[in-house]
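Subject: Structure for you to look at

Hello,

I am passing on a structure that you have not worked with before. Please open it first, then read the notes below it.

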Amino acid sequence: MKKRILAALLSSAMVVTLLAGCGSSADTAADANAGSSDSAATESTAAAGTKVGVSMPTKDLQRWNQDGANMEAELKAAGFEVDLQYASNDVQTQVSQVENMISSGANVLVIAAIEGSSLGEALDMAKEANIPVIAYDRLIMNSDAVSYYATFDNYKVGTVQGTYVKDTLDLDNAAGPFNIEFTAGDPGDNNAGFFFNGAYDVLKPYIESGKLNVVSGQKTFEEVATPTWATETAQSRAENILSSYYADGTNIDVWLCSNDSTALGVENALAANYNGTYPIITGQDCDIENTKNMIAGKQSMSVFKDTRTLASQVVKMVGQILNGQTVDVNDTTTYDNGFKVVPSFLCEPVFADANNYKEILIDSGYYTEDQLK
């Protein structure tokens, strides 16, 4: 895929991006004059009893609870009937739930897949029934039944993390060397590779020059992946790395984690097994516990993907599909699912840290101050 290295992370630009959310791009300008008629048509279609099936992977991670709730609220506010189900991170459960949605009359499916290549039977059923499928935040692989993909710019999520590390350590000017470890996400989640590659591509020149030293030697995605993004798995691996490579008093300067659940595992391991200088720790999702850790100095940053704007974009796409209108996309080249390049809409990620979390998370209404106490 094309690699787009983030040029700057100025906070003012981030706030503009956050407020812009999933706004239309040049690719969607042709639909701008449809405006109010789109809304009226959506209301008309919804009034006829249009049903949307929404399949979320699990309730075990805060972000999927928020995604599901935001999606359901947005769709109901637009007048749609919603069948929202969570699959407890069990692939066969998700397959069965999606099949039930189809059998019960869903007109559109929005699916955040547990494993991108494991929904074949359900997707075949959707295709036979001519039901459009929107892959939500995780690309569904190896299927021609996927109509659209709505997500954040997943490669850029990684570049935001990598650039944060580069800038915080001032790698272009500092003498180094600095010690770094990586904890990536679920190998069954197509996004996890984009996250890791985006970060690694930013840091690779410094690793190759020796300014960044991966003490454990574990620096491929396969070596650092965390099945199901599990906090406990990330913690266990981090404990093994600490006991094997840092027990002699060696300091770790950076632990680059792809998301907050894995970051939390690393933070737990550090609290119990490490007495050196506290490292830079990255994350993603701005989960409540991790945001509290940022405020307390136990995590450096977390990439914020405002799922409210993603939900709003998907609701708009659902309405456009059901009304036979041109569907908003802003990327038609990047996301190849092994069968076709899936037309996609990419929202822009930003990051929050102890310096800007109030502006990014509280002032925007995403959290209240009481939630972060």
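A residue is called buried here if its relative accessible area is under 20%, exposed if over 50%, and partly exposed in between. Please keep in mind that this is a predicted model.

With that cut-off, helix α6 is mostly covered, as 14 of its 16 residues are buried. The helix runs over residues 154-169. At 1.5 Å a residue it should span 22 Å, and its end C-alpha atoms are 23 Å apart, so the two values agree. After α6 comes Asp170, which has a positive phi, near 55°.

Next, the strands. Strand β4 covers residues 133-136, and both of its faces are covered. Val133 and Ala135 lie on one side, Ile134 and Tyr136 on the other, and all are buried.

Which strands pair with β4? One is β3 (residues 108-111), which runs parallel to β4 and is joined to it by three bridges. Within that pairing, Leu109 has Val133 of β4 as its bridge partner. The other is β5 (residues 148-152), also paired with β4 in the parallel sense over three bridges. There, Tyr136 stands opposite Ala150 of β5.

Helix α5 (residues 120-128) belongs with the β3 and β4 pair: β3, α5 and β4 form a β-α-β unit, and the unit is right-handed.

The loop between β4 and β5 contains Ser143. Is Ser143 buried or exposed? Its relative accessible area is 8%, which is under the 20% limit, so Ser143 counts as buried. The Ser143 side chain reaches the backbone nitrogen of Ala145 at 3.0 Å. Leaving aside residues up to four places away in sequence, Ser143 touches Leu123, Asn337 and Phe339.

Last, a residue from another helix. Thr93 sits in helix α4, which takes in residues 91-103. Thr93 has a relative accessibility of 28%; because this falls between 20% and 50%, Thr93 is partly exposed. Thr93 and Pro57 are 36 residues apart along the chain, and their C-alpha atoms are separated by 9.5 Å.

Regards

Key. Residues are numbered from 1 along each chain as its sequence is written. This is a predicted model: local features need pLDDT of at least 70, side-chain atom pairs count only at pLDDT 80 or more; totals for chains, interfaces and linings use all residues. Side-chain values use heavy atoms; hydrogens and water are left out. Helices (H or I, at least four residues) and strands (E, at least two) are DSSP runs, numbered from the N terminus. Buried means under 20% relative accessible area, exposed over 50%, partly exposed in between (1.4 Å probe, protein chains only). Two strands pair if DSSP finds at least two bridges between them. A crossover is right-handed if, with the strands pointing away from the viewer, the path from the first strand over the helix to the second runs clockwise. The expected span of a helix is 1.5 Å times one less than its number of residues. A polar contact is a pair of N or O atoms within 3.5 Å; within protein, one must be able to donate a hydrogen and the other to accept it, and residues adjacent in sequence count only if both atoms are side-chain atoms. Contact means heavy atoms within 4.5 Å.
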